[in-house]
Amino acid sequence: QVQLVESGGGSVQAGGSLTLSCAASGDMNRRACMAWFRQAPGQEREGVAAISSDGTYKYYTDSVRGRFTISKDNAKNTVYLQINSLKLGDTAMYYCAGRTQPWCGLNVQYNYWGQGTQVTVSS
């Protein structure tokens, strides 16, 4: 049973930073494309960042490029999302997701999901 457990969310003022973590069970992190999605109330879930299994390729949605950085530590089975220059529009539940099929990116289907961690940005 694959488990993804997110942590690191919280309430932050605009302009601040957060680092989200996603701990994966087993060797999931090493063999999977991993991604972060977010969903704000009343909005559709959107993919914000993805990283290939070996960490070589990274993908970002345009609205976060330059502010978000995805990384992974396969030895720790953990994926990170560094969020800088937080904006009010970044307020959302952030979800970690994993995919073991070929191809990685933000427009592919993910078959493993965490429970989410809330990020709230205030002015």
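Where is Trp-103 found? I looked, and Trp-103 sits in the loop between E9 and E10. Strand labels here are DSSP runs (E, at least two residues; helices, H or I, need at least four), numbered from the N terminus.

**Ground rules.** I am working on a predicted model, where local features need pLDDT of at least 70 and side-chain atom pairs count only at pLDDT 80 or more, while totals for chains, interfaces and linings use all residues. Residues are numbered from 1 along each chain as its sequence is written, and side-chain values use heavy atoms, with hydrogens and water left out.

Entry 1: I checked Trp-103 and got a phi near 80°, positive although the residue is not glycine. Trp-103 is exposed, at 73% relative accessible area. For the record, buried means under 20% relative accessible area, exposed over 50%, and partly exposed in between (1.4 Å probe, protein chains only). Asn-77 is in the loop between E7 and E8, and its relative accessible area of 18% makes it buried. I flagged these because most residues other than glycine have a negative phi.

**Entry 2: the cores.** Next I went for nonpolar cores, meaning sets of buried Ala, Val, Leu, Ile, Met, Phe, Trp, Tyr and Cys residues joined through side-chain atoms within 4.5 Å. The largest has 27 residues, and Met-34, Trp-36, Phe-68, Ile-70, Leu-81 and Tyr-94 have the most contacts inside it. Strands giving two or more residues to this core include E3 (18-24), E4 (33-39), E5 (46-51) and E7 (68-73). E3 gives the most, with four residues. Another core lies apart from it, with eight residues, among them Phe-37, Cys-104, Leu-106 and Tyr-110.

I then listed what touches Ile-70, with contact meaning heavy atoms within 4.5 Å. Beyond its neighbours within four places in sequence, Ile-70 is in contact with residues including Met-34, Trp-36, Ala-49, Tyr-60 and Leu-81.

**Entry 3: Ala-49.** Ala-49 is in strand E5 and is buried, at 0% relative accessibility. With neighbours within four places in sequence left aside, its contacts include Met-34, Tyr-59, Ile-70 and Leu-106. I also took the C-alpha to C-alpha distance from Ala-49 to Leu-106: 6.9 Å, for a pair 57 residues apart in sequence.

**Entry 4: aromatics.** Which residues form one aromatic cluster? I found Phe-37, Tyr-110 and Trp-113 in it. The structure holds three aromatic pairs; rings of Phe, Tyr and Trp (its six-membered ring) pair if their centres lie within 6.5 Å, and planes under 30 degrees apart are stacked, over 60 edge-to-face, the rest tilted. Phe-37 and Tyr-110 make an edge-to-face pair, 5.4 Å centre to centre with 75° between the planes. Phe-37 lies in strand E4 and Tyr-110 in the loop between E9 and strand E10 (112-113), so the pair ties together parts 73 residues apart in sequence. Both Phe-37 and Tyr-110 are buried.

**Entry 5: salt bridges.** I searched the whole structure and got four salt bridges, each a side-chain nitrogen of Lys or Arg within 4 Å of a carboxyl oxygen of Asp or Glu. Glu-46 pairs with Arg-38, the closest N and O atoms being 2.6 Å apart. Glu-46 is partly exposed at 29%, whereas Arg-38 is buried at 7%. Arg-67 and Asp-90 meet at 2.7 Å, N to O. That pair links distant parts of the chain, 23 residues apart: Arg-67 is in the loop between strand E6 (58-60) and E7, Asp-90 in the loop between E8 and E9. Arg-67 is buried at 11%, and Asp-90 is buried at 1%. Arg-38, Glu-46, Arg-67 and Asp-90 are linked in a network of salt bridges.

Asp-62 and Arg-65 make another bridge, at 3.0 Å between the closest N and O atoms. Asp-62 is exposed at 63%, and Arg-65 is partly exposed at 48%.
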